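Have the 3D view ready to follow along.

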Amino acid sequence: MQHFDHILSRLSPELDRMNTIIRTSLATPNALMNQIVESYLTTKGKQIRPVLVMLSAKFFGGVNDDTLYAGAALEMLHNASLIHDDVVDETALRRGVATVNATWGNHLAVLVGDFFVSNALAAGIRTGHLAVISALSDLGKELSLGEVDQICNAREHNLDERSYIDMIRKKTASLFINCMRMGAQTAGADDQSIAPMTEFAEKLGIAFQIRDDIFDYYHDPRIGKPTGNDLREGKVSLPLLYALRPEAKGDEADELRAILRRGDLSEAEISRLVEFAKAHGGIEYAFDYMRRLQSEALEILSQYPDSDWRQAFADLFEFIIARTR
C-alpha cells in the first residue's frame, strides 16, 4: 500500500485537475441529479484506472489537458458501468456505502448511469483525438459483451477456466488496456511503442479481477458484499474453477459440480462451495496465477529504459495483488 500511496502522491496534481473536470462535466441545473452525483463522487475509491492513464502519459512523455480529459472520460464510463451493474445485481452497498439504486431506486440509477456515459463521450470529444473517441466506443461494447459472457457462463453452468479468463479480459482488462493506450496516445506515443505496454495492461487488468474475485471468499464488510455473493449470482470464479477442474476426482467434487449445474443454490451450498475452494488449493492457485501474470508483465517492462515511472508500473502491479480490499 505504501508504494501505491507514493504513486498517488506524485500524481496528485494531475488527479485533482482530472476530478475537477469530472465534477464540472457532471454539473447540471437539476438539483436532484447534482445531489445524487455529488453523493456518488464522495466515494470514488482508489481511481486505479485514471492513475493508469496518468502513469502511461508520464511514461511516454507527459500529462497534458488531453490526458486529463481522456482520464475523466474513462473514469466516468467506468462509474457508469458500476452504477448499471449495481442495478442488475441488486447491490445494496459499494465500498461500504449505499448504492445509487438502493438509495434512489432502479429508475433513477439507470438514468444516472446513462448520464455518466453521455458525459464520458463528451469528455472524449474534448480531447480532439479520434483514437480516444473510437476507444471509448469500443470499450463500451467490450464491457457490455463481458457482462453478457458472464451471464451466459452462469446460465450454461460453464466451469471452464479459459472461458472465465476470456470473460474478464473483456469485462475488466479491456478497460485497463484503454487506460494505457489513451494515456500514451495523448502524450504523443506511436502505436509501435505502445503495443508492449497494452499487453502489460491486459495482464494487470486480469490480475485485478482475479484479486477482486478472491475477496468474495472472505467476509469483509468494507467490500460491501457478503461472502459467496458471486455464487449467489451464478458467477463461478477462478478459485472454485480450479478446485473443481476436470482432473479433480472424488465424490464430493462430482456432487458439487452437479449442485453448480443445477443452480439456485442454498446458503448452505454456497458456504460449502466456498470452503471447498479454500480447502482444495483454489486461493493459492489464483495467487500463483496472478504471480505468473506479474512475472510476464515485468518482462515486458524490462524492454523499456529504467525510470521512476517504469518502477511505478511495477509497484502498481504488486499493489494490485497484495491489496487487502
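**Rings, charges and a helix crossing**

Let's begin with Phe-319, which is buried because its relative accessible area is 5%, below the 20% cut-off. Keep in mind as we go that this is a predicted model.

The rings of Phe-4 and Phe-319 are stacked, with 4.2 Å centre to centre and 5° between the planes. This pair links distant parts of the chain: Phe-4 belongs to helix α1 (residues 2-26) and Phe-319 to helix α15 (residues 308-322), 315 residues apart. Phe-4 is buried too, with a relative accessible area of 1%.

Now turn to Tyr-242 and Tyr-285, whose ring centres are 4.1 Å apart with planes at 10°, so this pair is stacked as well. It also links distant parts of the chain, with Tyr-242 in helix α11 (residues 238-243) and Tyr-285 in helix α14 (residues 282-301), 43 residues apart. Of these two tyrosines, let's note the burial of Tyr-285, which has a relative accessible area of 17% and counts as buried.

Elsewhere, ring pairs join Phe-59, Phe-60, Phe-200, Tyr-304, Phe-313 and Phe-317 into a cluster. Rings also meet charges here. The charged end of Arg-10 sits over the ring of Trp-309, 4.0 Å from its centre, and that of Arg-323 sits over the ring of Phe-208, at 4.2 Å from the ring centre.

Next, a helix crossing. Two packed helices are described by the angle between their axes and the distance between the axes. For helix α2 (residues 31-41) and helix α6 (residues 106-127), the axes come within 11 Å and cross at roughly 75°. That angle falls between 65 and 115 degrees, so α2 is roughly perpendicular to α6. Which residues in α2 and α6 meet? From α2 come Leu-32, Met-33, Ile-36, Val-37, Tyr-40 and Leu-41, and from α6 come Leu-108, Val-112, Phe-115 and Phe-116. By class, this contact has 10 nonpolar residues, with no polar and no charged ones.

Our last stop is Thr-67, in helix α4 (residues 65-89). Is Thr-67 buried or exposed? Its relative accessibility is 0%, so Thr-67 counts as buried. Setting aside neighbours within four places in sequence, Thr-67 is in contact with Val-53, Met-54, Ala-57, Gly-62 and Thr-186. Thr-67 and Met-182 are 115 residues apart in sequence, and their C-alpha atoms are 7.4 Å apart in space.

Technical notes: Residues numbered from 1 in each chain as written. Predicted model: local features only at pLDDT ≥ 70, side-chain atom pairs only at ≥ 80, totals over all residues. Heavy atoms only, no water. Phe/Tyr/Trp six-rings, centres within 6.5 Å; stacked < 30°, edge-to-face > 60°. Helix = DSSP H or I, 4+ residues; strand = E, 2+ residues; numbered from the N terminus. Buried < 20%, exposed > 50% of the residue type's maximum accessible area, 1.4 Å probe, protein only. Lys NZ or Arg CZ within 6 Å of the ring centre and 35° of its normal. Axes fitted to C-alpha atoms, helices over the stretch in contact; angles between N-to-C directions. Parallel < 35°, antiparallel > 145°, perpendicular 65-115°, else oblique. Contact = heavy atoms within 4.5 Å. Nonpolar A, V, L, I, M, F, W, Y, C, P; charged D, E, K, R; others polar.
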